[in-house]
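Here are some friendly notes to read alongside the model. Please keep the structure open as you go through them.

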Amino acid sequence: MKKQQMLLTGGGLVLLILLYFFGKTVSPAKSDTAKTNVAPVNQVVKFDDLLVKAKEHISAEQNARLTALENAVVRGDVKEQQIHVYHQLARFWADSAHIFEPYAWYTAEAAKLENSEKSLTFAAHLFLDNLITEGEPAIQTWLATNAKDLLEKALAINPGNDSSKIGLGACYMFGNISDNPMQGILPVREIVEKHPENLYGQKILGLGGRKSGQYDKAIDRFKIILQYEPKNVEAMLNIAECYELKGDKKDAVNWYQKARDLIAIPEAKTALNKRIEELKH
């Protein structure tokens with residue numbers, strides 16, 4: 001999928017601008033695989049089903065290559081061999097097929113076998129970063145469940161890693177895996193109360209506030225980020241969107257303009273200028 005097509009599927013100006021400005025946090029573009037057969041939130045999404053849909057988007061030659069790699073996993077009787085093949089499968093889906101879900105899945109399978117904090121957290125954040133921008137509840141749950149499993153394994157290795165604790169909290173906040181969102185919010189809040197300079201934690205709480213409609217609280221969190229990073233465009237865009245969502249067009253325009261002035265990408269500037277003009281009328 002071309003990047004421009006990917007942007008149009010995300011919805012929301014902030015998401016579009018962030019993808020243009022920062023790029024995806026993983027190499028392949030996120031595919032339409034999960035979108036072609038969206039399940040209700042209470043239906044479990046299985047990787048096998050996602051894989052079947054993903055294979056519909058690759059050529060016969062690619063399918064043959066993929067089958068050989070999949071058979072190599074079954075034959076591999078040594079852990080290191082299996083890790084190597086899982087990495088090959090991940091690279092195939094990233095570099096050749098450009099489909100996110102199997103790329104993340106096989107990266108995670110390799111990480112579980114390696115069982116190092118570095119590999120587990122890397123794989124977890126593939127799921128987490130896409131969880132934040134995913135709009136389908138059932139897929140959100142699939143992403144959050146996988147990220148949670150990896151982060152719990154990472155925390156078993158290093159229980160003091162605040163980033164992993166925050167990531168785990170995000171799973172509960174955005175992944176529909178608990179009826180009690182406070183289960184995710186409280187640990188993150190405790191971390192940022194002790195360490196207000198933890199901007200990842202501030203961001204997650206800000207996004208959580210925006211999701212729950214607590215726009216003023218969300219704005220406060222993003223403004224804390226700007227105290228430490230005055231040119232953080234992502235924070236500015238989120239503030240602008242929160243003001244827009246609460247009906248404050250004047251402040252929304254002000255923050256969209258601040259973000260626009262820091263962005264050099266013409267397409268992003270055009271999108272922001274269009275939104276600014278719409279809000280002025």
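1. Is Leu120 buried or exposed? Leu120 counts as buried because its relative accessibility is 0% (buried means under 20% relative accessible area, exposed over 50%, partly exposed in between, with a 1.4 Å probe and protein chains only). Leu120 sits in helix α7, residues 117–133; helices here are DSSP runs of H or I with at least four residues, numbered from the N terminus.

2. A word on the ground rules: this is a predicted model, where local features need pLDDT of at least 70, side-chain atom pairs count only at pLDDT 80 or more, and totals for chains, interfaces and linings use all residues. Residues are numbered from 1 along each chain as its sequence is written, and side-chain values use heavy atoms, with hydrogens and water left out.

3. Back to the surroundings of Leu120. Not counting residues up to four places away in sequence, Leu120 touches Ala111, Lys112, Asn115, Leu150, Lys153, Ala154 and Ile157 (contact means heavy atoms within 4.5 Å). Ala110 is 10 residues from Leu120 in sequence, and their C-alpha atoms are 8.9 Å apart.

4. Next, the largest nonpolar core, which has 81 residues. Such a core is a set of buried Ala, Val, Leu, Ile, Met, Phe, Trp, Tyr and Cys residues joined through side-chain atoms within 4.5 Å. Leu89, Trp93, Tyr106, Phe127, Phe222 and Tyr256 touch the most other members. Helix α8 (residues 137–157) gives the most to this core, with 10 residues. Beyond four places in sequence, Leu89 is in contact with Leu66, Leu69, Glu70, Val73 and Tyr106.

5. Which helix supplies the largest share of the lining of the second largest pocket? That is α11, with 4 residues. Helices α9 (162–174), α10 (182–194), α11 (199–211) and α12 each supply at least two. Of the 17 lining residues, Ile185, Gly208, Gly209, Ser212 and Gln214 lie nearest the pocket's centre.

6. The protein averages a pLDDT of 86, and 84% of the residues score at least 70; pLDDT is the predictor's confidence in each residue, from 0 to 100. Confidence is highest in helix α12 (residues 215–228), at a mean of 98, and lowest in helix α1 (residues 3–10), at 30. Where pLDDT is low, the predicted coordinates should not be read in detail.

Technical notes: 1 Å grid on protein atoms, 1.4 Å probe; cavity = no way out; pocket = protein on both sides within 12 Å on 5 of 7 lines; lining within 4 Å.
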